[in-house]
There are 2 protein chains.
Amino acid sequence: MTQIDGRRVRGDASRRLVLANAVDLASIEGLDGLSIGRLATAAQVSKSGVATLFGTKERLQLATVEAAAQRFRETVLEPARVEPRGIRRIVALLDAWIAYSRDRVFPGGCFFNAAVSEFDAKPGPVRDAIAEAIESWNGYLRVSVGYAVELGELAADADPALLAFECTALLDYANSRSVMTGSNEPYRLARRAMVSRLLAAGADVEVLRPLAEHVD
Amino acid sequence: MTQIDGRRVRGDASRRLVLANAVDLASIEGLDGLSIGRLATAAQVSKSGVATLFGTKERLQLATVEAAAQRFRETVLEPARVEPRGIRRIVALLDAWIAYSRDRVFPGGCFFNAAVSEFDAKPGPVRDAIAEAIESWNGYLRVSVGYAVELGELAADADPALLAFECTALLDYANSRSVMTGSNEPYRLARRAMVSRLLAAGADVEVLRPLAEHVD
DNA sequence: TCACTATACGAACGATCGTGCGTAAAATAA
DNA sequence: TTATTTTACGCACGATCGTTCGTATAGTGA
């Protein structure tokens, strides 16, 4: 039986508070643009308090990436798990992703879209952590498409890797365009493209209805 | 008859030199991460020399965006103009864009992908300049698709806006994935997706050959 | 000739950055 | 109790940031 440590409890609460501000700030300013001083101001703690809790800026960035990944999982992955494996879960995932972007779960749009563009040419632990989070989401979607093929809900010759690639491309681009223009039209375009693509892959039109008919 | 000014000639040469370094650095470090000091070191001029030529950092960023747009036009748009309007020019544009990304015309991958993610949530003149450059490219591709429809090279019910949206999404995502992983596989996936999408829109399979058969 | 402009640099400004040190308080462990 | 760990802060350090000022040089015009 592991006893709880009141100091750790307090520290974890502080870390959560700081990280909640960190992911929001980083989705706007970027993971590098996020400075410890401004973060401390936003979280209403002292600058050296942030330094105490995270050590270095790189460790703060790593913790921020993990906090963002958790918020993503809670917002996109968890809700879709109520749907059974196969095409229904795919539809739930794609729909949840659009809601995640459209509702600005991160105020600057998808955290990982911004993080990838910022760090894709900067090797190091932070880049690796971002890559792993992306890879995890991509893999989850790809495997989900694979289930649908195995279950006969998509054509046997459908390529899960290609289909997942296309959907992710459309989602990411819709996010980028919406944040840039402030319009929801990109989400409607992405929905149309994904629906017609899934139909071409043999999906049942009825099952696609949540994705096709949702208004953004 | 406007006489040339030797001082301006010299200054323009310096500006070009500095901007060539600026776009390369910014494609890696970002437009904000790009600092005047490091830029001066890279371009082998003094820090205050850069300040003299561009005034403020914001004006340097604006000039950098314009320099990047020019390099993009020279690399992607100009070569495709040798092809006639319609599906052939579309194929040339898409193929040139993949080469532009794959050959790392900007060392950090597509300059505008990085710039959009960095500035989409930061209102101001720099964001506006980036948005205008993106809009210009998107519009050019959309109009090109429209020509192909008008010429009967694509189905009459094909939606140019949607088709251009899908292709841009695939191109941007292929760029992002390739820079992140160092692989050319994303370009092959994007090619396959675009070819099948254009075929579904009624394109002639022969005309798509340059896009379909090119090896990255 | 002389005044003016554009380029270019060195030096320095105040501001902010990430980080380390010393200290204090709270909780745990001896 | 005493010793140790964790959190949290104030303070200051060196480094770098964008910017400004003064100065020098070269080219343009009157």
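**Exercise 1.** Determine which residues A:F165 touches, leaving out residues up to four places away in sequence.

*Solution.* Step 1: apply the contact criterion, under which two residues are in contact if their C-beta atoms, placed from the backbone, lie within 7 Å. Step 2: with residues up to four places away in sequence not counted, A:F165 touches B:L189 and B:A193. Step 4: A:F165 counts as buried because it has 25 C-beta neighbours inside 10 Å. The classes are buried at 20 or more other C-beta atoms within 10 Å of the residue's own, exposed at 12 or fewer, and partly exposed in between, with C-beta atoms placed from the backbone.

The model is predicted: local features need pLDDT of at least 70, side-chain atom pairs count only at pLDDT 80 or more, and totals for chains, interfaces and linings use all residues. Residues are numbered from 1 along each chain as its sequence is written, while chains are lettered from A and ligands numbered from 1 in the order in which they are written.

**Exercise 2.** Describe the side of chain A that touches chain B.

*Solution.* Step 1: the contact takes 29 residues from chain A and 29 residues from chain B. Step 2: α6 (111–119), α8 (160–181) and α9 (185–200) of chain A each supply at least two residues of this side. Step 3: α8(A) gives the largest share, eleven residues. Step 4: by class, this side has 15 nonpolar, eight polar and six charged residues. Here Ala, Val, Leu, Ile, Met, Phe, Trp, Tyr, Cys and Pro count as nonpolar, Asp, Glu, Lys and Arg as charged, and the others, Gly among them, as polar.

**Exercise 3.** State how chain A can be laid on chain B.

*Solution.* Step 1: superpose the copies by least squares on the C-alpha atoms of residues with pLDDT of at least 70 in both. Step 3: that is the relation of a two-fold axis. Step 4: in chain A, the C-alpha nearest the axis belongs to A:A169, 2.6 Å from it. Step 5: the same surface serves both copies, as 100% of the contact residues of chain A recur in chain B.

**Exercise 4.** Identify the residues with the most contacts inside the largest nonpolar core.

*Solution.* Step 1: such a core is a set of buried Ala, Val, Leu, Ile, Met, Phe, Trp, Tyr and Cys residues joined through C-beta atoms within 7 Å. Step 2: the largest one has 132 residues, and A:I130, A:L170 and B:L170 have the most contacts inside it. Step 3: not counting residues up to four places away in sequence, A:L170 touches residues including A:M194 and B:E166.

**Exercise 5.** Describe the surface near DNA strand C.

*Solution.* Step 1: a residue is near a strand if its C-beta atom, placed from the backbone, lies within 6 Å of it. Step 2: of the 24 residues around DNA strand C, A:G6, A:G37, B:G11, B:S48 and B:G49 come nearest. Step 3: the largest share of this surface, five residues, comes from α1(B). Step 4: by class, the surface has four nonpolar, twelve polar and eight charged residues.

Notes
Helices (H or I, at least four residues) and strands (E, at least two) are DSSP runs, numbered from the N terminus.
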